[in-house]
Amino acid sequence: MARKPADPGAARGAEHVYRMLRRAILRMELTPGSDLDELEISARYEVSRTPVREALIRLGSEGLVQVVRGRGARVAAMNLFDLRDFFEALDLLQRAQTHLAALRRSDAQLAAIEAAQDAFEAAATARDVEEINETNCAFHLAISAAAGSSHLHDSYERALIEGMRVGHVSFVEHAGHETRLREHLAQTNCHHRELIAHIRARDAAAAERVAADHVDLFRDRIVATVLTPDITRAIRTDK
C-alpha cells in the first residue's frame, strides 16, 4: 500500500508556530523559564496540538525550549552568571569552524558567505535589530557549513542561537545610543570582511585570529550593555 503524503497544511502550521515562537523567545517576549502551554499556543495560532508539539520539539533541538516528558515545555532558562561558560564555548567553536572553513571551503560556499554578509550589511544599514541578529547568525553558519564538520556545526549552531537571545537584548540597549551602535556595527562589518578575505585566501591562521577578536567584540558589547559590574568582573577574570 502506498504511503499517504504528509498533510501540507499541518507542515505549514508547524512551520508558522515554530517561527512565531522562535521570534518571541529571541526577542525575550517569552520570559526565560516560563511555561509553554500547548492548548494556549494552539488557540493563539489556530492550529491543532500536533504542529505545536512539532514546533516545540524543533525549538528544543536548538536549545531554546526545554521539553520535559510528562511535564510539558518551557522556554529555556538564561542565566547571566553562566555567560563565562558560554563565551568559552563560543570562542573555541568559532575559531575552530572558521579555521577549517578557510582550509576546506569551496567557491560556492565562499559565495554563500559573501551573500550572507551582504544581507547583514543591509540589515545594519536599516538598523533592523531582528534582521541584524538573524543575518549575523546566518553569516557565521555559512562559514560553519564550509568547515565540513557536522558535529562541530551542530554545537556551534546552538551556541550562535543562544547568543541571539543575549544579542537581541544588547541591541535594544544600544538603540538608545546611536553613536555606540553605529561604531559597533561598523566594527562588526570590518571583522566580517576580514574573515571573508582570509577565507578566500585560505589563510586559516589569520581567519582564526579575527574569529577570536570577533568573539571579544561580542563579549565587550554584552559587558557594556547587559551585565552588572559584579558579573562583568567575574566574566573577565583570567581573560
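## The enclosed cavity

A cavity is a set of grid points where a 1.4 Å probe fits but cannot get out. In this predicted model, a search of the whole structure finds 1 cavity of 30 Å³ or more. The largest cavity holds about 280 Å³ of space. Its lining comprises 22 residues, and those nearest the centre are Asn 136, His 140, His 214, Phe 218 and Arg 221.

Helix 4, helix 6, helix 7, helix 8 (178–200) and helix 9 each contribute two or more residues to the lining of the largest cavity. Helix 7 accounts for the largest share, with 6 residues. Sorted by class, the lining of the largest cavity consists of 12 nonpolar, 9 polar and 1 charged residues.

## The largest pocket

The largest pocket contains about 290 Å³ of space. A total of 17 residues line this pocket, and Gly 63, Ala 77, Phe 86, Glu 162 and Arg 165 are the closest to its centre. Strand 2 (65–68), helix 4 (83–104) and helix 7 (150–174) each provide at least two lining residues.

Which helix gives the most to the lining of the largest pocket? That element is helix 7, with 5 residues. Helix 7 is also the source of the largest share of the lining of the largest cavity.

In soluble globular proteins, nonpolar side chains tend to be buried together. The largest nonpolar core of this model has 35 residues, and the members that touch the most others are Leu 21, Leu 36, Phe 87 and Leu 90. At least two residues of this core come from each of helix 1 (8–26), helix 2 (38–45), helix 3 (49–61), strand 3 (72–75), helix 4, helix 6 (129–147), helix 7 and helix 9 (204–225). Another core, of 18 residues, lies apart from it and includes Ala 142, Ile 143, Ile 196 and Ile 199.

With residues up to four places away in sequence not counted, Leu 36 touches Leu 30, Ile 41, Leu 56, Val 65, Ala 73, Arg 74 and Val 75.

## The aromatic cluster

A pair of aromatic rings is described by the distance of the centres and the angle of the planes. The structure holds 3 aromatic pairs. In one of them, the ring centres of Phe 86 and Phe 87 lie 5.0 Å apart and the planes stand at 70°, so the pair is edge-to-face, because an angle over 60 degrees places a pair in that class. Phe 86 counts as buried because its relative accessibility is 12%, and Phe 87 does so at 2%, each value being under the 20% limit.

Phe 86 also forms an edge-to-face pair with Phe 218, with 6.5 Å from centre to centre and 85° between the planes. This pair links distant parts of the chain, since Phe 86 belongs to helix 4 and Phe 218 to helix 9, 132 residues apart. Both Phe 86 and Phe 218 are buried. Ring pairs join Phe 86, Phe 87 and Phe 218 into a cluster.

## A buried arginine

Is Arg 22 buried or exposed? Arg 22, which is found in helix 1, is buried because its relative accessible area is 12%, under the 20% cut-off. Beyond its neighbours within four places in sequence, Arg 22 is in contact with Leu 59, Glu 62, Leu 64, Glu 134, Ile 161 and Met 164.

## Residues with positive phi

Most residues other than glycine have a negative phi. Met 28, in the loop between helix 1 and strand 1 (35–36), has a positive phi, near 65°. Its relative accessible area is 26%, so Met 28 is partly exposed.

Arg 127 has a positive phi as well, near 55°. The loop between helix 5 (107–126) and helix 6 contains Arg 127. With a relative accessible area of 31%, Arg 127 is partly exposed, because that class lies between the limits of 20% and 50%.

Conventions
Residues numbered from 1 in each chain as written. Predicted model: local features only at pLDDT ≥ 70, side-chain atom pairs only at ≥ 80, totals over all residues. Heavy atoms only, no water. 1 Å grid on protein atoms, 1.4 Å probe; cavity = no way out; pocket = protein on both sides within 12 Å on 5 of 7 lines; lining within 4 Å. Points joined across faces, edges and corners; volume = space filled by probe spheres on them. Helix = DSSP H or I, 4+ residues; strand = E, 2+ residues; numbered from the N terminus. Core = buried A, V, L, I, M, F, W, Y, C linked by side-chain atoms within 4.5 Å. Buried < 20%, exposed > 50% of the residue type's maximum accessible area, 1.4 Å probe, protein only. Contact = heavy atoms within 4.5 Å. Phe/Tyr/Trp six-rings, centres within 6.5 Å; stacked < 30°, edge-to-face > 60°. Nonpolar A, V, L, I, M, F, W, Y, C, P; charged D, E, K, R; others polar.
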